[in-house]
Amino acid sequence: MKRILFVASEAMPFITTGGMGEVVGALPKTLVAESDHDVRVILPYYRAVKEKFGDSLEFVGSTQIQLSWRKQYCGIFKAVSNGVIYYFVDNEYYFDRESVYGEFDDGERFAFFGKAVLEALPLIDFFPDILHAHDWQAALSVIYLRTHFGEDARYKTIKSIFTIHNIEYQGRYSMDMAGDLFGFEGWHTQIVEYDGGINLLKGAVECCDRLTTVSPTYANELHDDVVSRGLGPIIRRNAEKMCGILNGIDTDVYNPSTDPFLHKNFTLKTATVQRRKNKAEIQEFFGLPVRNDVVLIAMITRLVRHKGLDLVTDALHGLLESEKNVQMVVLGKGDYNYEHCLCNLSDAFPEQLRTYIGFDAGLAHRVYSGADLFLMPSESEPCGLAQMIAAHYGAVPIIRQVGGLRDSIKDCFEKDGIGFTFYEYNPQVMSDNIRRAIRLYFDQPDAFKKVRNLGMQTDFTWARSAHSYLELYNNL
Ligand code: GLC
């Protein structure tokens, strides 16, 4: 039995802005179910969590955190969800904010969080064997463990694992914040220094005992300077402690036969009939002509470059003009340019393209349950959860073969293929593959249905990957 503490800036069911929060929500409960490890999670106590869950949390205690010259209050709250204990780091100055990220002082907020996690261990009376931190917002817990707590006998034996969910976000700050904010001096500074500034993700990569990322292919791709956004040398230097473990999806949340958000629930047996009704409901919701003789393609994504939005905005006009039996819905928000471009295209093709600029989990579930095809042409993709959810809900994925997309979806022309795949990052190549999917949908409905059904039957559960994490913990 090992004690494992997950450190992260988001976790379902409390708070999430993307895939990482879903993973940190689902993995601990699976680990608890599949082993005798004591797995707990620690998160910031954001305003949104307080508003929704505040009444049900238990106050554990409080302490003071020293951050360079600052001394700050830190309260700890606690909740139990699915057999997992969650702790929340409370400080209203840092976390009683409108948003989770994107505040002017994110560096300071997550420095406080990283320090507070370690200072809170005596308070929660839980010194873990393994501290498992996720992404740059949790990086400082791994770094401080070596720098500021390295001499303390209670902390010395704690091993650390750092998981990169997306290297696009690294936590970069200017060098003059090293001492004044983060409290680094001497050799501590060298740990976080990169490219003339501070890079927190780099610091955690250097300090952790094991480094993981969320798919085997992404683990390989990270050696490349472009994919790793400049961190290639650091990744290569730490390669022997790195591995890639493919994420799963939370099938308690994503279960088409029980999903409370769906217009019509379905199983493999009832999929064809019920999905058709869901498709009609989606068409109606988006104001598209309600027709079953069109193919409905969906995208659910952050509207940012690395999700392949350049390909989409390049290709869409030509595709919609030439394929009149195609409808498309895009759900997401992000960069203004992409939002604007998609809205313009939607104005030009009102009967074919509709967008929902924003994020709405319930609507996302409904879209998965009614779309025929699901497009995910990412430029880079650490793992990607949407393609797995889509396949599980019977929306056949069209993906670019990178990162976890490549590891989870094979082309239907191969054995066990459950989607349409392409590699070249080129709008024409993407369009050709969308057309390939459209042709199969219309010309060979039985073959299409076979691909869909195989996707729905594929095992995307966490149980499939949890054993790789258990092996990692056991070998530490
Ligand atoms: C990030 C990545 C995504 C991955 C998720 C969970 O959101 O962009 O590819 O699936 O983290 O690990």
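In which loop is Asn82 found? Asn82 sits in the loop between strand E4 (70–81) and strand E5 (84–90). Its phi is positive, about 50 degrees, although Asn82 is not a glycine.

Before going on, the basis. This is a predicted model, in which local features need pLDDT of at least 70, side-chain atom pairs count only at pLDDT 80 or more, and totals for chains, interfaces and linings use all residues. Residues are numbered from 1 along each chain as its sequence is written, and side-chain values use heavy atoms, with hydrogens and water left out.

Pro13 belongs to the loop between strand E1 (3–7) and helix H1 (19–34).

Now the chain as a whole. There are 21 helices and 18 strands; these are DSSP runs, helices being H or I of at least four residues and strands E of at least two, numbered from the N terminus. The radius of gyration is 23 Å, close to the 23 Å that the globule rule gives for 476 residues, so the chain is as compact as a globular protein of that length. That radius is taken over C-alpha atoms, and the rule is 2.2 Å times the number of residues to the power 0.38. Along its principal axes the C-alpha trace spans about 70 × 45 × 40 Å.

One sheet to point out: an open one of three strands, in the order E8-E10-E9, with antiparallel pairing. Strands E8 (172–173) and E9 (193–194) are at the edges with a single partner strand each, so one side of each has no neighbour in the sheet. Two strands pair if DSSP finds at least two bridges between them, and E9 and E10 (residues 197–199) pair over two bridges. Tyr194 has Gly197 in E10 as its bridge partner.

Last, the ligand. Which residues of the shell are the closest to the ligand? They are His165, Asn247, Glu381, Cys383 and Gly384, among 14 residues that surround the ligand, with a heavy atom within 4 Å of it.

For polar contacts, meaning N or O pairs within 3.5 Å, a ligand oxygen is 2.8 Å from a side-chain N or O atom of Asn247. For the side chain of Asn166, the distance from a ligand oxygen to an N or O atom is 3.0 Å.

Domain 1 (3–248 + 463–475) and domain 2 (271–459) both give residues to the shell, so the ligand lies between them. Those bounds come from an automatic or database domain assignment.

Key:
A polar contact is a pair of N or O atoms within 3.5 Å; within protein, one must be able to donate a hydrogen and the other to accept it, and residues adjacent in sequence count only if both atoms are side-chain atoms.
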